[in-house]
Structure formats: structure tokens, C-alpha cells
Amino acid sequence: MYRHIVNPQSTKGHINPEIQGHFSEHLGRCIYEGIFVGENSDIPNVNGMRTDVVEALKEMKIPVLRWPGGCFADEYHWMDGIGKKENRKKMINTNWGGVVEDNSFGTHEFMELCRQLGCKTYVNGNVGSGTVKEMSEWVEYMTFEGVSPMADLRKANGHEEAWNLDYFAVGNETWGCGGNMSPEYYSDLYRHYQTFVKNYNPDKKIKRLAVGPSDKDYAWTETLLKKCFDRSGSWNNAHGFMDGLTLHYYTLPYDWAKKGAATGFNEKEWYMTLRKTLFMEDYITGHSAIMDRYDPEKQIGLMVDEWGTWYDVEEGTNPGFLYQQNTIRDALVAGINLNIFNKHCDRVKMANIAQLVNVLQAVILTEGEKMIKTPTYYVFKMYSAHQDNELLESSIDTKKIGLEDEYMVPNLTESASIDKDGKIHLTITNLSLDEAADVESTLLGKSIKSVKGTIVTGKMDAHNTFDNPDAVKEEAFDKVSFENDTLKYSVPTCSVLHLEVTV
Ligand code: AHR
């Protein structure tokens with residue numbers, strides 16, 4: 001029996017809905033085909049956006065969407081993606097398969113997509129091959145209400161009102177595809193560029209994000225903060241020069257040369273993948289410790305704006321398109337990471353899984369007019385119950401499981417929160433391939449009135465296909481008994497569980 005203690009009297013921070021955010025890049029079939037099919041498509045759409053995909057994402061409660069990249073962002077010139085479609089410039093997508101990008105999905109289309117989804121907007125600016133003028137004018141185009149060259153251009157292109165721009169990143173992976181810069185050089189550029197990301201509307205301030213580290217590059221974080229976390233900063237910025245620092249960390253079962261297969265993997269690869277996922281905890285803790293020294297009041301966020309599994313591409317698909325299947329193993333990766341983000345909600349203010357549709361750990365896969373929801377989709381839907389809640393102090397007994405010393409993992413992870421109506425939400429993952437876990441959850445000082453649950457579970461590489469789209473889905477879980485302040489239940493192998501408790 002595993003003891004799970006939840007203290008509803010002890011709240012640990014607010015769970016920003018953006019912790020469950022998403023990322024969509026001009027990469028493979030993410031934007032084109034996956035989301036945007038154009039107004040003349042036979043696939044049902046509203047203003048070019050696939051209705052099936054938009055409806056599914058709304059149901060999952062997508063809170064924020066990042067666009068246009070990724071590596072693509074640093075070769076994207078936004079002016080090529082506005083105005084009449086037939087006049088838009090075509091370009092080569094050098095990072096992702098060398099295909100022709102026709103710019104038919106641009107700023108207006110992204111903002112329209114976010115309007116349909118009802119989510120916040122996160123635009124990634126171009127530092128690698130773009131100018132300060134270009135970045136500054138993009139912000140003016142999107143957000144300035146009054147009379148100005150860029151606001152007038154937006155109006156001439158058919159959009160009278162300014163849009164809400166919630167987050168804006170000054171570059172992407174500037175230590176790599178975004179310019180191969182040193183942290184010192186990028187810090188100077190960041191200070192320079194962000195100066196011209198103007199807040200035209202004081203009531204709707206744009207949160208400016210600096211490119212942070214990859215994995216455990218603590219030296220990058222240290223330099224960035226030393227040079228850019230300047231509270232005396234510019235006159236219109238509450239937190240000096242930045243509102244957040246990004247972190248990228250992908251789960252690869254092996255390494256960049258041989259990543260590992262998305263399906264048909266063995267038990268060792270199951271545990272390797274979950275072990276590597278758990279490194280997220282170490283990286284967030286490490287970078288947060290540095291941030292705490294500069295920003296003890298936790299005014300800026302750590303934004304994990306790229307995370308998820310990265311496997312070898314599916315056989316027969318373009319290697320530059322990063323298309324991969326998604327199994328129960330991915331559901332566990334999602335559940336483990338989302339529990340980690342909850343636990344660090346005092347510092348992690350946004351996280352964006354890569355990527356939304358048809359790329360890497362996608363929540364949705366499409367094939368022509370067909371669409372399937374992946375196991376990861378159902379975990380996001382389940383965890384949406386935590387959005388906007390207060391994190392509760394909680395802990396669970398665990399034991400080490402796995403096949404080899406190097407790949408040992410705890411059998412369980414968890415997080416708990418309380419919503420505005422006083423309901424308590426528990427999410428628990430069982431990482432074991434062969435042992436269910438009998439759990440007793442005690443909600444200290446509470447008398448339990450009722451409980452309802454849902455679960456995503458299956459064999460380790462169970463997944464949905466276009467022929468069998470419902471092999472894995474969120475199912476009701478009612479095998480829970482309770483007395484006074486304690487719930488008793490058994491968490492099946494390979495599963496992610498959500499319990500909603502009325503007290
Ligand atoms: O998500 C795919 C790529 O991974 C992104 O374009 C880049 O930022 C990262 O290296």
C-alpha cells in the first residue's frame with residue numbers, strides 16, 4: 001500500500017493554465033494539413049482552420065499557442081506572410097525538409113486560429129536573421145490601436161482592431177539554430193531587441209521572453225540573468241528587461257544519432273524513456289535555483305516552451321517532418337511532466353509541448369480528412385482540471401522500479417490541486433509495466449463526500465490509428481472507495497489517473 005498525503009490547508013502556488021500550453025511551427029504537416037487547409041478545402045473548415053482539429057483542441061482547453069517556430073522563427077520574415085495570398089513571397093524552409101513555404105498562413109491566420117480556439121497568443125520573434133526594425137514593426141502591426149504606418153497596414157489588410165499579444169519571445173535557441181551565439185553576445189542582443197518590443201497598451205502588457213538554456217546548460221542561465229535581469233530596466237517594464245526565460249528539454253530514449261522508435265519498443269526502452277523524462281525535475285530545480293538568486297520574489301517565469309518525446313520518424317515519412325506515433329508511453333511522459341510543472345508552479349509559468357499536430361509528441365494526428373486524438377491528448381484533457389487551481393502540498397510513497405540501475409524510476413508520481421469550488425484534483429501516474437499500485441490518499445482534515453475519476457491506460461505501446469482511432473482514450477474510473485478523509489484505490493500498470501474529490 002502506498003500512502004499519499006494531501007494537505008488541503010497548505011497551498012503552494014497558482015497553477016497558470018499556460019503550464020499546459022502548446023507549440024505550432026511551420027514544420028512538416030503541423031500548420032499546413034494539420035491545422036490550416038484553406039477556405040476552399042473539402043475538409044470542413046472555418047476561415048481555413050480545420051473544424052475537427054479546432055473543436056478537439058477547444059474540448060482539451062488549450063490555454064496558449066506558440067508560433068511560428070522553433071528554428072523556423074529565426075528565418076521567418078513576417079511581412080512575407082501578410083496581404084493578398086497570391087502576392088505573398090515563397091521561401092525555402094531550410095530547417096525542415098527544404099520544402100517551399102508559401103506563407104499562406106501568416107499573422108492574420110495565426111490570430112484567427114487563436115480566436116477560434118479562445119486561447120492566449122505567443123509569437124516568437126526573429127533575432128537570428130531579422131532586424132530590430134522588423135521585430136519592432138511586427139509588434140506595432142499586431143498591437144497598436146492608433147494611427148501609425150504598421151497599424152494602418154494592418155487595417156488595410158482587413159483587421160481594424162489590434163490583437164492581444166500575450167507573450168513575445170526575442171529569438172529561439174540562439175545558442176543553436178537561432179544564431180549559434182554565446183550567452184554574452186545574445187544577452188546584449190536581448191537587451192537591445194526587447195527595448196523595441198513596445199507595450200502600446202498599458203492594460204494588455206506583452207510578456208517578453210528571453211531565450212533560455214537547453215537541458216542542463218546552467219552557465220547560459222547564469223549569464224542571461226546576470227546581464228538581463230535588471231530591475232532598474234526600462235521605464236515601462238515592471239520586471240526590468242524580461243518577464244520570463246525559456247527552457248527546452250526533449251525526451252529521447254537514446255540520443256540524437258539514434259533516438260529510438262515510437263512504437264514496437266521493448267521494456268528497457270520504456271524505462272529509459274521515463275527515466276529521461278524525469279530529468280525535467282532536475283533541470284527545473286537547477287535553473288530555478290539560479291533564478292531564485294536574481295529574482296527571489298519570483299517575478300519572472302521559467303517557460304518550458306519546448307518539451308516532449310522525440311523519436312525516429314515513422315518509416316516512409318519525410319525525415320525533415322518529424323512525424324511520429326504516440327503511445328501509452330507518451331501518455332506517461334505527458335502525465336509525469338505535467339505533474340512536475342504543477343509542483344514547480346511557483347516558477348514555471350508556461351510550458352509548451354512540441355508540437356500541436358503531426359509533429360513530435362502531438363496531441364492530434366491527421367491523414368487527409370481523418371483525425372485522431374493521441375493518448376497524450378487525453379492526458380492533457382484530463383489535467384485541464386488543474387488549470388487555474390491552487391497547488392496543494394502533497395507527497396506519495398514510492399518504490400524504485402526498472403530493469404537496470406541506470407534506468408530505475410519511482411513507480412508513482414503525483415500532484416494535487418484545489419479548484420475555485422473547493423473540489424480537490426489528484427493526478428497520479430503508475431510507471432510500472434507489471435505491478436498495479438494500491439494507494440490510500442488522505443486529504444488531511446477533510447470529510448470526503450464523493451469522488452469521480454477518469455483514466456488513460458493500456459499496454460505499453462497501445463496507440464490509436466486511423467483504422468482504430470479509439471484503442472486508447474480517457475475512460476471512467478470508479479473503483480474508488482472512501483471513508484472520512486481517505487480514498488482507497490488501485491492504480492493499474494501503465495496508467496495516468498485523475499480523481500476529482502468533493503469534500
Ligand atoms: O520542435 C522542433 C525543433 O526543436 C524546434 O524548431 C527547435 O526550437 C528545437 O530544436
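Which strands does helix α7 (residues 267-294) lie across? Helix α7 lies across β11 (244-251), β12 (301-309) and β13 (348-354), and runs at about 160 degrees to β11. This is a predicted model, in which local features need pLDDT of at least 70, side-chain atom pairs count only at pLDDT 80 or more, and totals for chains, interfaces and linings use all residues. Residues are numbered from 1 along each chain as its sequence is written, and side-chain values use heavy atoms, with hydrogens and water left out.

Terms for elements and angles:
- Helices (H or I, at least four residues) and strands (E, at least two) are DSSP runs, numbered from the N terminus.
- Axes are lines fitted to C-alpha atoms, for helices over the stretch in contact, and angles run from 0 to 180 degrees between N-to-C directions.

**Barrel**
- Eight strands, in the order β2-β5-β8-β9-β10-β11-β12-β13, close into a barrel with parallel pairing (two strands pair if DSSP finds at least two bridges between them).
- From one strand to the next, the twist averages 25 degrees.
- Strands β9 (residues 167-170) and β10 (residues 207-210) run parallel and are joined by four bridges; Tyr 167 has Lys 207 in β10 as its bridge partner.
- Helix α5 (residues 183-195) packs on the sheet and touches β9 and β10 (contact means heavy atoms within 4.5 Å); the direction of α5 makes about 165 degrees with that of β10.

**Helix α6**
- In helix α6 (residues 218-228), the buried residues are Trp 220, Thr 221, Thr 223, Leu 224, Leu 225 and Cys 228 (buried means under 20% relative accessible area, with a 1.4 Å probe and protein chains only).
- The cover over these residues includes α5, β10, β11 and α7.

**Helices α3 and α4**
- Helix α3 (residues 132-143) packs against helix α4 (residues 149-156) at an angle of about 55 degrees, and their axes are 7 Å apart.
- The two helices, α3 and α4, are therefore oblique to each other (angles under 35 degrees count as roughly parallel, over 145 as roughly antiparallel, 65 to 115 as roughly perpendicular and the rest as oblique).
- Glu 137, Glu 140, Tyr 141, Met 142 and Thr 143 of α3 make the contact with Pro 149, Met 150, Ala 151, Leu 153 and Arg 154 of α4.

- Strands β16 (residues 390-396) and β19 (residues 412-418) run antiparallel and are joined by two bridges; Leu 391 stands opposite Ser 417 in β19.

Definitions and conventions. Buried means under 20% relative accessible area, exposed over 50%, partly exposed in between (1.4 Å probe, protein chains only).
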